[in-house]
Amino acid sequence: MAAGKASEAEEDFPTLTAQERDTLAAIDSSLFGFQKLHEDGARTKALVLKAVRCYDALILKAEGKVEPELFCQLGHFNLLLEDYPKALSAYQRYYSLQTDYWKNAAFLYGLGMVYFHYNAFQWAIKAFQEVLYIDAGFSRAKEIHLRLGLMFKVNTDYESSLKHFQLALIDSNPCTLSKAESKCNISYLFSLYSAKEAYEALLQTEDLPARVKATTLQQLGWMHHTVEQLGERSSRDTYAIQCLQKSLEADPKSGQSWYFLGRCYSSIGKVQDAFVSYRQSIDKSEASADTWCSIGVLYQQQNQPMDALQAYICAVQLDHSHAAAWMDLGTLYESCHQPHDAIKCYINATRSKGCSNTAALTHRIKCLQAQLSNAQLSSPQGKSKMLPFIEEAWSLPIPAELTSRQGASSVPPQVREASINHSLLSFAQWLREVFTPRFVPVLSAAVSQNNGEDAAPSPLANHVQEASDKAKTLSETAGSLSADNPKLSSLLADGKDSENSTGSQDLNKRVNNIHPAVTPSTPQAHSSAASSPISAMSTATPSPKSTDQAAGAQSPATRSSNANPAPPAPAVNGKGGISEDSQSPMKADPPAVTGLKATPPHAHSSNSSSSISIYPSSTDVLKACRNLGKNGLSNSSILLDKCPPPRLPPAPNPALPKDKLNPPTPSIYLENKRDAFFPPLHQFCTNPSNPVTVIRGLAGALKLDLGLFSTKTLVEANPEHLVEVWTQLSQPADENWDQPGTKKMWRCESGRGHTTIAKYAQYQAASFQESLRENEKKALKEPSDTEPTSADSVARKRRGPLKYIKFGTNIDVSDEKKWKQQLQELSKLPAFARVVSAGNLLSHVGHTILGMNTAQLYMKVPGSRIPGHQEHNNFCAVNINIGPGDCEWFAVPEPYWGEQHQLPDGSWWPNLEDLYEADVPVYRFIQRPGDLVWLNTGTVHWVQAIGWCNNIAWNVGPLTAHQYKLAVERYEWNKLQSVKSMVPMVHLSWNMARNIKVSDHKLYEMIKYCLLRTLKQCQWVKEALAAAGKETVLSPRSRDEAAHYCTICEVEVFNLLFVRRELLSKVPPVVHCQDCARKGSSTLDDFVVLEQYRMDDLMHIYDHFTLVRCSCVS
């Protein structure tokens, strides 16, 4: 039978020789961007085209029933040929057929490149992150970091963007972006003055590429125009114009620079110059809603309302949610005495998420409606109207010239500023003169391409259509194109002129660089992309094997019945996550992680280590692991080989009924010390079914002296002790508004600073005195002044402008010399809740992790907020309210953390209505003085002070399989997201094996397997070093030495530390992981490898860590 299949295959490849097949076997997605088949790879291109034809024939003959790897190869070939729809189709087939697709780094990389081409950043980020997770040493890791940096920059996640650009900068491997271009992006991400200095320093670089110089000058100019701190307005604008003009000298075709220049001219009153610049911007680049809105403003200023109307209509048709264009259009209608149309425009503006003055517009709408109630104004708008009704204006098609720059020539010489005289060219006249008759309607080109009239039929064409039909459309990002973000094309476009390319090829390149913030949403706008390969996708950019709704800026309420919700994402360990809505196999199938088998699942049939039992001796383990190279898996992962990269968990199913979404908080009332030490209390708190527990009356039952933690005592003990200060807006606990108090939002930012305990105590006391004075004034008011008013007036009053408050946080009290009395008082707590105890995993880390295995104080005034988050590595937390005021808590069970993973990057404060609409339960309760709050493993929570109070808190790790499992899961999730894990789980696992006896079978197996994986990793690295002639230097750990992390990528580095020779004497050492070390020095000549444990010592710990057969563990 096998021979028959082989002969069939031979018949299907009549023209592919053995040598050609060998050549094709070495071709994959990693060549994309490096071997340009359309330019310098004619021979390779011919071979790839031949292979595509053969593969297509084979697929047709076998009716699609071929090996999955064939689809993967076909995806690679089509990617190299830049046939993106076919590449996506082939990759999706491979995804659906290959269950362990995630082990194939080349596939994930190719898929990420296709998504990147289509600006499907959510899915491109996901694919690229998985590549780095399964193989941190991937040959194109530098290329991935650059693209992740660009995408995070566009998504305004500047912290992540900067990190990835810096990771790319230290990598010595080749890539498609120069160092100068990377530095230009890094300069953009710096703080204000640092960015200005970095841009100016970059301009001094010799032989700076023209594109980089143009982009740098563009950013420098726009920065001076928009940032008030850089000096007086007139001098800033003069300098900005000079920079932008120099930028255009370096790159005359930059539509963005022309637009910025027009904005600068407009701001100083040079209307004609501004108009010419906008006209050039439209001529040089894609139609932009921002540009047309600015053109409309110019027309309106020149008292040309009809032309202004047409420009505004163009803007809102290109971007339905362009708030500024809707507002300006409403103002135009109002100035023309057409209030009906003005109201409709204002309403559309308020519906936009980018609207920053909703309250003022709402007030204006009510005023106009009140005017219309007058009989004289309520008559229909008749013949006296100056402008067409908004419905009439909207029905006018966007001129075809606006939907594409294909065939558009430069501005004819007859269209000159001198000919404009005192008024601007009319809208219609301008279009006639600027655009040439060579324009070919894009829609017809798209139909021709989609119908495949000029292309050979492909057996995979139907799969692209199926994907388009099944997939959800990408969510549109509200608001207009951010003026600060240069086009992606400015740094990724090919350096050569595109004038020699065909119109459709040129348009294809342009479409690839459409900013996601202006994703077209109208049929007319869609047509602008139709002549490129993206036309086959329309606006549908699916995730393979998924019909989940693509992520966007939406609340948890936007969940469909057959898709995971796409609400905003929680800050995981103090950091916002990446838009993600795929399901987690770890969650959907718990045995994949929790039920660690005695024999781990096979990763590859050829890999002998994958069948190692976790019970053999260390000698057997090392013998079985010898001479094993990388198998495509992450050698540093401490999860099972069989487990794919971490995914977000699905929503618990079935959903809770609406009346169960505000459950009562588990509360226990203590009357005496015996109650506090009663064993069932510990069991109740750590039970996973109780996300949070309030232990009432704890301080009284244990006779804790809370006065030791009062502000007065703290000032007396250590007045100059450092306090971190967060500056926040004071507002109601169940709401979150922007500073003007006009718009509800999730983002909850805090300014950061520092002070001392004594100074914050003064602020705290002054705040209290000010509140007393305000209350006295209210009490003196007449009774009529204090009577309740309407709900609307109360809401307007509450929504502010909001005042700022200061929150004293993260006060370290770990120094036993400074805080001896306070720490001794905390030792009165039951063992399970103490800062240090034998049953606390964090007590076995062996070094200090501030705020986790040490206590921290918080000093608060009313309104002080701890935004939504999960504790580092999902550990439990203990929080005691010192008083005298109360705190209000909100908590969501751990299984729902994936439901909240679409939040804005950074700090966030949830809208309860959104959570309830998404069927997310929320515990809400008051913590009074003396109450202890126990946060269970992984609970999402946020807290606000109701009164003036202090709190003390720390983390605890119960010695349970559930705690260890969730800590490891978050450890791996952090690795996927390129976030540092505060708890070094590998280091902790070895310390646990050395220090404790475990009777819990599940916990034992998970720890033992972690030991096995790291033992195997150490053996593999040592053998690789020996093969390269590199010796390790024994450098035993010192007492209390902290665990080590890579200084570049921040992953934990265990045992084998790569340190640069010139930094060898530095204490503590500047450590690299092996992958980052090899990126900086492929032969490791610049590095010394320090070995902290002898292999014999690790083998001894591994062999002596055994399961204890007893009913309990002390």
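Begin by selecting helix H13 and colouring its buried residues: Arg 236, Asp 237, Ala 240, Ile 241, Cys 243, Leu 244, Ser 247 and Leu 248. Buried denotes under 20% relative accessible area, exposed over 50%, and partly exposed the range in between, with a 1.4 Å probe and protein chains only. These residues cover an arc of only 165° around the axis, and therefore lie on the same side of H13; the arc is that of the directions from the helix axis to the C-beta atoms. An α-helix has 3.6 residues a turn, so residues three or four places apart point the same way.

The model is predicted: local features need pLDDT of at least 70, side-chain atom pairs count only at pLDDT 80 or more, and totals for chains, interfaces and linings use all residues. Residues are numbered from 1 along each chain as its sequence is written, and side-chain values use heavy atoms, with hydrogens and water left out.

**The whole chain**

Zoom out before continuing. The protein contains 43 helices and 20 strands; helices (H or I, at least four residues) and strands (E, at least two) are DSSP runs, numbered from the N terminus. Of the 1114 residues in the protein, 56% are buried. Among contacts between residues at least 6 apart in sequence, 78% join residues at least 24 apart, where contact means heavy atoms within 4.5 Å.

**Helices H13 and H14**

Return to H13, residues 233–250. Its 18 residues should span 26 Å at 1.5 Å a residue, and its end C-alpha atoms are 26 Å apart, which agrees; the expected span is 1.5 Å times one less than the number of residues. The buried residues of H13 pack against helix H12 (210–226) and helix H14 (255–267).

Select H14 next. From first C-alpha to last, its 13 residues reach 19 Å, close to the 18 Å expected at 1.5 Å a residue. H14 is mostly covered, with 10 of its 13 residues buried; among them are Trp 258, Tyr 259, Phe 260 and Tyr 265. Which helices do the buried residues of H14 pack against? They pack against H12, H13, helix H15 (271–284) and helix H16 (289–301). After H14 comes Gly 269, whose phi is positive, near 90°.

Within H14, centre on Leu 261. With a relative accessible area of 3%, Leu 261 is buried. Not counting residues up to four places away in sequence, Leu 261 touches Ile 241, Leu 244, Gln 245, Leu 248 and Ser 277.

Residues 289–322 are 79% helix and 0% strand, and the end C-alpha atoms are 7 Å apart.

**The sheet of 9 strands**

Move to the open sheet of 9 strands, which has the order S2-S3-S12-S9-S14-S7-S6-S4-S5 and mixed pairing. Strand S2 (667–669) and strand S5 (751–756) stand at the edges, each with a single partner strand, so one side of each is left without a neighbour in the sheet. Two strands pair if DSSP finds at least two bridges between them. S2 and strand S3 (residues 692–696) run parallel, joined by 3 bridges; Ser 667 has Val 694 in S3 as its bridge partner.

Now select Arg 834, in the loop between helix H37 (820–826) and strand S7 (856–860). Is Arg 834 buried or partly exposed? Arg 834 is partly exposed, with a relative accessible area of 26%. Leaving aside neighbours within four places in sequence, the contacts of Arg 834 include Phe 677, Asn 840, Trp 954 and Val 956.

**The sheet of 4 strands**

Finish at the open sheet of 4 strands, ordered S15-S20-S18-S19 with mixed pairing. Its edge strands, S15 (1032–1034) and S19 (1071–1072), each pair on one side only. Strand S18 (residues 1056–1060) and strand S20 (residues 1087–1091) pair in the antiparallel sense over 5 bridges, and Phe 1058 stands opposite Val 1089 in S20.
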